[in-house]
Amino acid sequence: IRRRLEACFPGCRILGEEGGRGKSAREEAAGGAVWIVDPLDGTVNFVQGIPLFAVSIGYVEDGEPKLGVVHAPALGQTFWGAPGLGCFEGDRPVYASVTPELSDAILATGFAYDRNRLQDHNFDNVQRLGLQTRGLRRMGAAALDLAYVASGRLDGFWELHLSAWDVAGGAALVRAAGGTVTDQR
């Protein structure tokens with residue numbers, strides 16, 4: 001993916017999970033234009049033979065998601081879109097949910113790999129929201145969770161301790177589909 005992006009967009013920065021760690025992903029993605037790539041979101045699922053994994057590509061300008069692609073090869077699903085253009089699954093337009101009540105919502109979440117060492121490990125949120133919603137899901141691939149929010153399959157998604165490569169592609173899809181993306185910071 002990196003080589004193809006470099007060939008098509010010479011001089012454009014590319015940020016990926018495998019890239020340098022000098023700056024935080026948030027700092028790296030904030031200035032100018034950058035392609036943010038996660039070649040395998042849901043690595044544990046992939047290794048275990050669980051088909052919930054994806055390739056995620058996002059294009060960000062000055063911290064704002066402008067284009068997203070999330071491809072789930074084992075599921076045969078590709079989501080793509082851009083704010084102002086719309087969001088699509090394959091060639092079919094998709095839209096974010098308009099579920100007005102939390103009690104009617106299906107939400108998804110995830111947990112950091114090092115959750116046993118973190119004070120804010122997300123389990124308290126799961127307990128609280130699990131009682132306030134129609135249901136919770138934990139699929140193990142943030143990019144796919146966000147694509148499912150963009151397509152209306154899920155009403156919302158949250159997770160703590162994510163990096164830019166986990167969310168850039170999916171965040172662009174949610175915005176393209178008419179949804180809202182926020183950050184707790």
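## Overview

The model is predicted. Its protein chain has 185 residues, and 42% of them count as buried. The chain contains six helices and 10 strands.

Taking contacts between residues at least 6 apart in sequence, 58% join residues at least 24 apart. The chain exposes about 10100 Å².

## The seven-stranded sheet

Seven strands form an open sheet with mixed pairing, in the order β1-β2-β3-β4-β5-β6-β7. The edges are held by β1 (13-16) and β7 (92-94). Each of these has a single partner strand, so one side of each is left without a neighbour in the sheet. On average, neighbouring strands of the sheet are turned by 20° against each other, direction ignored.

At one end of the order, β6 and β7 run antiparallel and are joined by three bridges. E89 has R92 in β7 as its bridge partner.

## Helix α5

Helix α5 packs on the sheet. It touches β2 (33-41), β3 (54-61), β4 (64-72), β5 (77-82), β6 and β7. The direction of α5 makes about 70° with that of β5.

Helix α5 covers residues 142-150, and nine of its nine residues are buried, so the helix is largely enclosed by the rest of the structure. The buried residues are A142, A143, L144, D145, L146, A147, Y148, V149 and A150. Just after the helix, G152 takes a positive phi of about 80°.

Helix α6 (residues 164-176) lies across β1, β2, β3, β4, β5 and β6. It runs at about 100° to β4.

Two packed helices are described by the angle between their axes and the distance between the axes. For α5 and α6, the axes come within 8 Å and cross at roughly 5°. Angles under 35 degrees count as roughly parallel, and α5 and α6 are therefore roughly parallel to each other. On the α5 side, the residues that meet α6 are A142, A143, L146, A147, V149 and A150. Their counterparts in α6 are D166, V167, G170, A171, L173 and V174.

C87 lies in strand β6 (residues 86-89). Is this cysteine buried or exposed? The relative accessibility of C87 is 3%, so C87 counts as buried, the cut-off being under 20%. Leaving aside residues up to four places away in sequence, C87 touches W80, G81, R92, P93, V94, A150, L173, A176 and A177. C87 and A176 are 89 residues apart in sequence, yet 5.2 Å separates them in space, C-alpha to C-alpha.

C8 has a relative accessibility of 57% and therefore counts as exposed, the cut-off being over 50%. A disulfide is a covalent bond between the sulfur atoms of two cysteines. The structure holds zero disulfides.

Note on methods:
Residues numbered from 1 in each chain as written. Predicted model: local features only at pLDDT ≥ 70, side-chain atom pairs only at ≥ 80, totals over all residues. Heavy atoms only, no water. Helix = DSSP H or I, 4+ residues; strand = E, 2+ residues; numbered from the N terminus. Buried < 20%, exposed > 50% of the residue type's maximum accessible area, 1.4 Å probe, protein only. Contact = heavy atoms within 4.5 Å. Disulfide = S-S within 2.5 Å. Areas by Shrake-Rupley, 256 points an atom, 1.4 Å probe, with all protein chains shown as cover. Pairing = 2+ DSSP bridges. Axes fitted to C-alpha atoms, helices over the stretch in contact; angles between N-to-C directions. Parallel < 35°, antiparallel > 145°, perpendicular 65-115°, else oblique.
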